[in-house]
Amino acid sequence: MIAVGLAPRKLALRAGSLLPALFLANAALAHAVAEGDKGYIQEISGAYLLPFIYLGAKHMVTGYDHILFLLGVVFFLYRLNHLALYVSLFALGHSTTMLLGVYFNVGLNSHLIDAVIGLSVVYKALDNLGAYQRWFGFQPNTKLATLVFGFFHGFGLSTKIIDYEISPDGLVPNLLAFNVGVEIGQLLALTAILIVMGFWRRTIGFWRHAYAANVAIMTAGFVLIGYQLTGFFINRA
């Protein structure tokens, strides 16, 4: 982890370069259900495993907040067993709440749950920056935090799946297929992240720019929080 006090101003300012892209991608940030996908799901009845696998993979691969959190989690993980442990904890968390949330029709406010997901991104970036040890003198349990935030990411998924208005006919196999797709999407995103990180870590500039990268991740998390809370209060007005 990186000491917070090492921040060069120029590197920190680069974090702001993410903001326009994030705002332009506002539909993806909100996990909006594509109208074509929603219309298709509403028209079918019964078990359609391949379409739901595709939808699950698509949702994860295009979910900027999930990918940002994963990036933060694996940023300083080098050993394969550590990667497997943290990714498994995250998968366990979001799979549990996603499946149970949809099966029991537990839908949360999408803006609030996505704001918490944004908070998870901020939390992990600050953890990578060594902020908790510096500010409070202790290190939170990163494994427990990954699992707990996985639960919230799963509620984000379940809330969006409920928006699909899936037919109860074939609900369980379709949900399981969607979850399989989510895991496939997660593995694809994680593979891409690790390939890029693997090359980057071998450069002499990795440690020099790691601080700026985590500031950028943290900034993106704050943008997610602000975007979702703004949507929440606008919708209530």
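Me: Is Asn214 buried or exposed?

Reply: The model is a predicted one. Asn214 is found in helix H12, residues 206-236. Its relative accessible area is 0%, and a residue under 20% counts as buried. Therefore Asn214 is buried.

Me: With the side chain of which residue does the side chain of Asn214 make a polar contact?

Reply: A polar contact requires a pair of N or O atoms within 3.5 Å. The side chain of Asn214 meets this requirement at 2.9 Å. The partner is the side chain of Asn128.

Me: Which residue forms a salt bridge with Lys160, and which helix holds that partner?

Reply: The cut-off for a salt bridge is 4 Å between the nitrogen and the carboxyl oxygen. Lys160 and Asp114 have their closest N and O atoms 3.5 Å apart, and they form such a bridge. The pair links distant parts of the chain, 46 residues apart, with Lys160 in helix H10 (residues 142-163). The partner is Asp114, in helix H8 (residues 110-128).

Me: How far apart are the closest N and O atoms in the salt bridge of Asp127 with Lys124?

Reply: Asp127 and Lys124 both lie in helix H8, three residues apart, which is about one turn of the helix. Asp127 is buried, and Lys124 is buried as well. In their salt bridge, the closest N and O atoms are separated by 2.7 Å.

Terms used. Residues are numbered from 1 along each chain as its sequence is written. This is a predicted model: local features need pLDDT of at least 70, side-chain atom pairs count only at pLDDT 80 or more; totals for chains, interfaces and linings use all residues. Side-chain values use heavy atoms; hydrogens and water are left out. Helices (H or I, at least four residues) and strands (E, at least two) are DSSP runs, numbered from the N terminus. Buried means under 20% relative accessible area, exposed over 50%, partly exposed in between (1.4 Å probe, protein chains only). A polar contact is a pair of N or O atoms within 3.5 Å; within protein, one must be able to donate a hydrogen and the other to accept it, and residues adjacent in sequence count only if both atoms are side-chain atoms. A salt bridge is a side-chain nitrogen of Lys or Arg within 4 Å of a carboxyl oxygen of Asp or Glu.
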